[in-house]
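Please keep the structure open while reading.

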Amino acid sequence: MEILVFVKQVPDDGVEVRLDPATGKPATGSIDKVANAFDTYALELAARYTEANGGKVTVAAMGPAGTDSTLKNLIAVGASKAYLFTDPSFETGDEASVACRLAQLVKKCEAENGAPFDLILCGKESTDEISGQVGARLAEELDLPFVSSVIEVAPAGDKLVAKQETEDGYIKFETAMPAVYTIAKPGYDPRYPNIKAKLAARKAVIPTFSAADAGVGEAPCFVECLGYTEPPKRQAGLKVQEKEVADTVAKAMEILIQDKVL
Amino acid sequence: MGYIISDDTKELLKDVKEFCDNEIKEQVKEYDIKGEWPKPIYDMATEMQLTMMDVPEEYGGLGLSHIDQAAIVEEIAKADAGVAVTINGNGLALKPVLIAGNDEQKKKCCDIILNGGWGAFALTEPDAGCDAGNGKTTAVKEGDYYILNGRKCFITNAQVADFFVVTAMTNKQFGTKGMSAFLVYKGTPGLSVGNHENKMGIRTSITSDVILEDVKVPVENRLGEEGTGFYTAMKTLDLARMWCAVIGVGLCQRCVDEAAVYAQQRVQFGKPIWKHQAVQFKLADMEIRTEASRALVAAAIRLADAGLAYTNEASAAKCFTGDSAVQNAVDAIQIFGGYGYSREYPVEKLLRDAKIFQIFEGTNEIQRMVIGRSVISNH
C-alpha cells in the first residue's frame, strides 16, 4: 500500500494573527511555521494504517523554500519519503489552481517514488485559510473516488472502507483504489517523535522541484481575494457593581428584563 | 537563553515543549497532590527516549551534546521539576558505571536504560548525608561474592529501579579509601525497598529507603577496584551537581514565566501590576538570577566537555541555582499576592519544588565549603 499525504505549511495556529497595516494582509512573518494540524492527523492515520497492514507513506508539499524543515519533521513521525515543490508561480492562485497543480504533482511524486499511490490523503482543511476545498477538487482533477472528513480507514480486499465523521455519528463508505480522502480529527493525537528519529530526520535531504522540474503547467484561477478584514472587536460589556451584592443582582435583573433577555 | 543550540535542536526542543505542555504541565497538579509517581507520563517520556539521554553514543545512545541535553532537561523542569529529577535519576545511576565500570557493566546498564528501564544511585544513608564517607553499609568478601548489609535512604527511583549502584565499606579502617561501589540488580535476594517518602516537593519523583540484608553480589559486579567507591561517588556528584543545576534553571525560568504573565493580567490601582516599579524590579531580579544560573551551568558544561576540571564550577552552579530557584519562587508568590499562597495557582508548588535544590546532591553549605576551600588553596 503506497499512501501519499499532501501537506500545507501554515503559521502556528496557537498564535493570534493580526493584519499588517502596511500590506493589509495577515502578518505571519514572525510566526513559527508548522504542518497544518489536519495534515498531521492524515499522516498519523496513514502511518498507523501502514504499520498494521504494510506499505509506506510519502509526504509532499507545495510551498516556499523553508517548507523542507516542516517535511523533515514529518519524516520523524511516520513518513518514509518527502518531496517539496517550490516555485514563484505557486505563490498565487485559488483553491482550483492549487488542486490543479497538486494533481500534476502526483505524477511527479509517483515517478520519484517508483510506484503509483493507492491512496492520497489531505487534511480536511488548512488552519490558515480554512476553505476546505482542495482535497475534493483534487479528487475531481484526478477523477478518483472521494470521501471527506474521514477518521478511520480499513482494508477490504482490493478496496478500502472509509469511516466519515458526520454531525450525528459516522457513515462508512467503500471505495476502489486509488482514492482521495480528506481527514478530520481521529480519536487519537499524532505521535511525538523519539529523539533518535528526530535527529536522523533533521539530517534528511528533501528532494525539491520547481514547476518546470515537476512538469506543472498553467493552472486556472477563478477567485480573486480582494482583501482581509479583522473580526470586529467585542464591545466592552456593561459592568454592574453596587455596594451591596443584593443591589447588584437586582440591577442586573432589571437590565436583563429591560433588554428583553428575560 | 544562555545555551547556544543548533536549529535542528531547536526543532527537537519544540517537540519536547509540546510534550511538556500537553502531557505534563496540567497533569502533574493531580499527581503533586497525591504524591504519586505518574507512570503514564514516564511511559511517554521513555517512548520519546527522554529517559536515555545519558547513554553514550557508543553504547547505542542518542548522540546529543551536553548543551542540547541541558536545554531539553530545562524544558522538562519548567513543566515539572519532579519529572526532570526522575528522568535525571537515570543519568545519576549511569554515571558511576560510566566512570568506574568495565565495558560489560557499561553495556548491561546502558541496555537496561535503552530498553525503558530505570537505575538508582544509592549513596546516602541515615547517618551519612553530606558526610558520605561515614557510611555504615558494609560489603564483606566471601569467595567470589561480597555480602552487603546496610540501609540507604532518600534514593530516587528506588521503587522502579532495575539496577542500583550501591556504595559500601569494604574496609572500614581505611575510611573513605575503604569504600567500594557495586552494581546490584533488582530481584537480588535480600534487596528490598522501603516506603515512598512523603515529600514537601518534587512529589512526582519517587524516593525511598533501600535495605540490604545479606545481599550476595558477585565480585564481577564491583565497579572499579576495591576502595575506589568514594572517589567514584565524588566524581558522580560533580556531574550530578551540574545536572541538578540544569533542573534548577528550569524552575527559575518557570517562576519568571508565571510571574510575567500574571503581572500583566493583574490590575491594581488602575494599571497592570507590572507597571508598578516594585514589581518590575522583582521581575528583573528574577530574570537576572535565571540567566546568571544558566550561564554558570553552561560554563561548567563547557569545562567538563573540554575535559578540564569543573568541580568548583559545578558546585557554584548548583549552589547559586538552588538559592535562585528558592528566591525566584518566593518572589513569584509575592507577585501573585494572596493568590500565590493558594493551591489553585501554580506558584506555591514551585517553592515546594525549589527547596530541595538547596539540599540534595550536597547541601548548599557543602557547596560553599567546596568553593571556600578552593579559594584559599588558590591564594
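1. Confidence. This is a predicted model. The predictor gives the complex an ipTM of 0.89 and a pTM of 0.90. In chain B, the average pLDDT is 96. There, 100% of the residues score at least 70.

2. Domains of chain A. The domain assignment gives chain A a domain 1, covering 2-214, and a domain 2, covering 232-262. Their centres, taken over C-alpha atoms, are 49 Å apart.

3. Domains of chain B. Here the assignment lists domain 1 (7-114), domain 2 (119-227) and domain 3 (231-377). Take domain 1 and domain 3 of chain B: their centres are separated by 20 Å, again over C-alpha atoms. These two domains are in contact, with 21 residues from domain 1 of chain B and 20 residues from domain 3 of chain B.

4. The domain 1 side of that contact. Which helices of chain B each supply at least two residues to the side of domain 1 that touches domain 3? They are helix H4 (66-79) and helix H5 (81-100). H5(B) gives the most, with 11 residues. By class, this side of domain 1 of chain B holds 12 nonpolar, 4 polar and 5 charged residues.

5. Contact between the chains. Chain B brings 11 residues to the contact and chain A brings 9 residues. On the chain B side, the largest share comes from helix H1 (residues 7-24) of chain B, which gives 5 residues. The class make-up of the chain B side is 5 nonpolar, 2 polar and 4 charged residues.

6. A residue to look at: Thr311(B). Find it in helix H9 (residues 311-336) of chain B. Leaving aside residues up to four places away in sequence, Thr311(B) touches Asp238(B) and Val370(B). Met234(B) lies 77 residues from Thr311(B) in sequence, yet the two are 9.6 Å apart in space, C-alpha to C-alpha.

7. Exposure of Thr311(B). Why does Thr311(B) count as partly exposed? Thr311(B) has 19 other C-beta atoms within 10 Å. A residue is buried if 20 or more lie within that distance and exposed if 12 or fewer do, so a count in between makes a residue partly exposed. Thr311(B) is therefore partly exposed, with its 19.

Terms used. Residues are numbered from 1 along each chain as its sequence is written. Chains are lettered from A and ligands numbered from 1 in the order in which they are written. This is a predicted model: local features need pLDDT of at least 70, side-chain atom pairs count only at pLDDT 80 or more; totals for chains, interfaces and linings use all residues. Two residues are in contact if their C-beta atoms, placed from the backbone, lie within 7 Å. Helices (H or I, at least four residues) and strands (E, at least two) are DSSP runs, numbered from the N terminus. Ala, Val, Leu, Ile, Met, Phe, Trp, Tyr, Cys and Pro count as nonpolar, Asp, Glu, Lys and Arg as charged, and the others, Gly among them, as polar. Domain bounds come from an automatic or database domain assignment. pLDDT is the predictor's confidence in each residue, from 0 to 100.
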